[in-house]
Amino acid sequence: MAAGCWLLADGFGPWEAAAFYGPEPDWAPRVNENLVAIAEQHAPACRASAATIVAQATQEFPDFDDTIMGLCR
């Protein structure tokens, strides 16, 4: 998933991307310039903010969280 490169570059990890209710109150993303360079090299056409990517993924896969949680029980 090329968009995932931009999530990481924007300072979002798997937890922050999957936590549909929002990250911890004192958490703030930190852009990683090394990961930005990698994302620019390998996924330049997919550049978007983490919020946009998460919103698109949530719209495309609305039951993803429930499906994964169902597998974990």
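User: What does buried mean, and which residues in helix 1 are buried?
Analyst: Buried means under 20% relative accessible area. The model is predicted. The buried residues of helix 1 pack against helix 2 (14–18), helix 3 and helix 4 (50–60). In helix 1, the residues that are buried are Ala3, Gly4, Trp6, Leu7 and Ala9.

User: Is helix 1 roughly parallel or roughly antiparallel to helix 3?
Analyst: Helix 1 (residues 2–9) packs with helix 3 (residues 33–42) at an angle of about 160°, and their axes lie 8 Å apart. Angles over 145 degrees count as roughly antiparallel. Helix 1 is therefore, relative to helix 3, roughly antiparallel.

User: How many charged residues does the contact of helix 1 with helix 3 have?
Analyst: From helix 1, Cys5, Trp6, Leu8 and Ala9 take part, and they meet Leu35, Val36, Ala39 and Glu40 of helix 3. By class, this contact has seven nonpolar residues, no polar residues and, as charged residues, one.

User: Which term describes how helix 1 and helix 4 lie to each other?
Analyst: The axes of these two helices come within 9 Å and cross at roughly 140°. Angles over 145 degrees count as roughly antiparallel and 65 to 115 as roughly perpendicular, with oblique for the rest once those under 35 are set aside as roughly parallel. The term for helix 1 and helix 4 is therefore oblique.

User: How many nonpolar residues does the contact of helix 1 with helix 4 have?
Analyst: Helix 1 passes helix 4 in a left-handed crossing. Ala3, Trp6 and Leu7 of helix 1 make the contact with Ala50, Ile53 and Val54 of helix 4. By class there are no polar and no charged residues, and the number of nonpolar residues is six.

Key: Residues are numbered from 1 along each chain as its sequence is written. This is a predicted model: local features need pLDDT of at least 70, side-chain atom pairs count only at pLDDT 80 or more; totals for chains, interfaces and linings use all residues. Side-chain values use heavy atoms; hydrogens and water are left out. Axes are lines fitted to C-alpha atoms, for helices over the stretch in contact, and angles run from 0 to 180 degrees between N-to-C directions. Helices (H or I, at least four residues) and strands (E, at least two) are DSSP runs, numbered from the N terminus. Contact means heavy atoms within 4.5 Å. Ala, Val, Leu, Ile, Met, Phe, Trp, Tyr, Cys and Pro count as nonpolar, Asp, Glu, Lys and Arg as charged, and the others, Gly among them, as polar. Buried means under 20% relative accessible area, exposed over 50%, partly exposed in between (1.4 Å probe, protein chains only). A crossing is left-handed if the near helix is turned anticlockwise from the far one by less than a right angle, and right-handed if clockwise.
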